[in-house]
Amino acid sequence: GNADWWTPLVPSAAGDHGGVQKNEASACEEVASEGREGAADPPWLRECAVRVKMSEYLCLTAHLEALDIEAGTKLPDQCLSMSVGLHALLSKALSA
């Protein structure tokens, strides 16, 4: 699997759908419906889970940093670039 969780999943000509092939998606549904405990997750499923968790983390971090910039407890150069952009939108919305 690709260790770069930030690299977007791109469908390929091999019939992938968002990086997950149809048979892999069916296998995931089968495991979920059976509710088996202790079954090893396929590597692609773990990779997708890491992508989701890191996306959640970055989203929360960006929002917290945007609020920190607004409160004056952090400078924009101490934050993620997405936080600075979000702060501009947030500041505009808060002043409306």
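From the N terminus on, the elements of the protein chain run α-α-α. The chain has 3 helices and 0 strands. Helices (H or I, at least four residues) and strands (E, at least two) are DSSP runs, numbered from the N terminus. The model is predicted: local features need pLDDT of at least 70, side-chain atom pairs count only at pLDDT 80 or more, and totals for chains, interfaces and linings use all residues. Residues are numbered from 1 along each chain as its sequence is written, and side-chain values use heavy atoms, with hydrogens and water left out.

Buried residues make up 14% of the 96 residues in the protein chain. Buried means under 20% relative accessible area, exposed over 50%, and partly exposed in between (1.4 Å probe, protein chains only). Contact means heavy atoms within 4.5 Å. Among contacts between residues at least 6 apart in sequence, 39% join residues at least 24 apart.

Helix α2 covers residues 43–71. Its 29 residues should span 42 Å at 1.5 Å a residue, and its end C-alpha atoms are 42 Å apart, which agrees. The expected span is 1.5 Å times one less than the number of residues. Buried in α2 are Trp44, Glu47, Arg51, Thr61, Ala62, Glu65, Ala66 and Ile69. Just after α2, glycine 72 takes a positive phi of about 85 degrees.

Helix α3 covers residues 81–94. The axes of α2 and α3 come within 8 Å and cross at roughly 55 degrees. Axes are lines fitted to C-alpha atoms, for helices over the stretch in contact, and angles run from 0 to 180 degrees between N-to-C directions. The two helices are therefore oblique to each other. Angles under 35 degrees count as roughly parallel, over 145 as roughly antiparallel, 65 to 115 as roughly perpendicular and the rest as oblique.

On the α2 side, the contact is made by Leu58, Thr61, Ala62, His63, Glu65, Ala66, Leu67, Ile69 and Glu70. Helix α3 contributes Met82, Ser83, Val84, Leu86, His87, Leu90, Ser91 and Leu94. These residues divide into 10 nonpolar, 5 polar and 2 charged. Ala, Val, Leu, Ile, Met, Phe, Trp, Tyr, Cys and Pro count as nonpolar, Asp, Glu, Lys and Arg as charged, and the others, Gly among them, as polar.

Serine 83 is found in helix α3. At 0% relative accessibility, serine 83 counts as buried. Leaving aside neighbours within four places in sequence, serine 83 is in contact with Thr61, Ala62, Glu65, Ala66 and Ile69.
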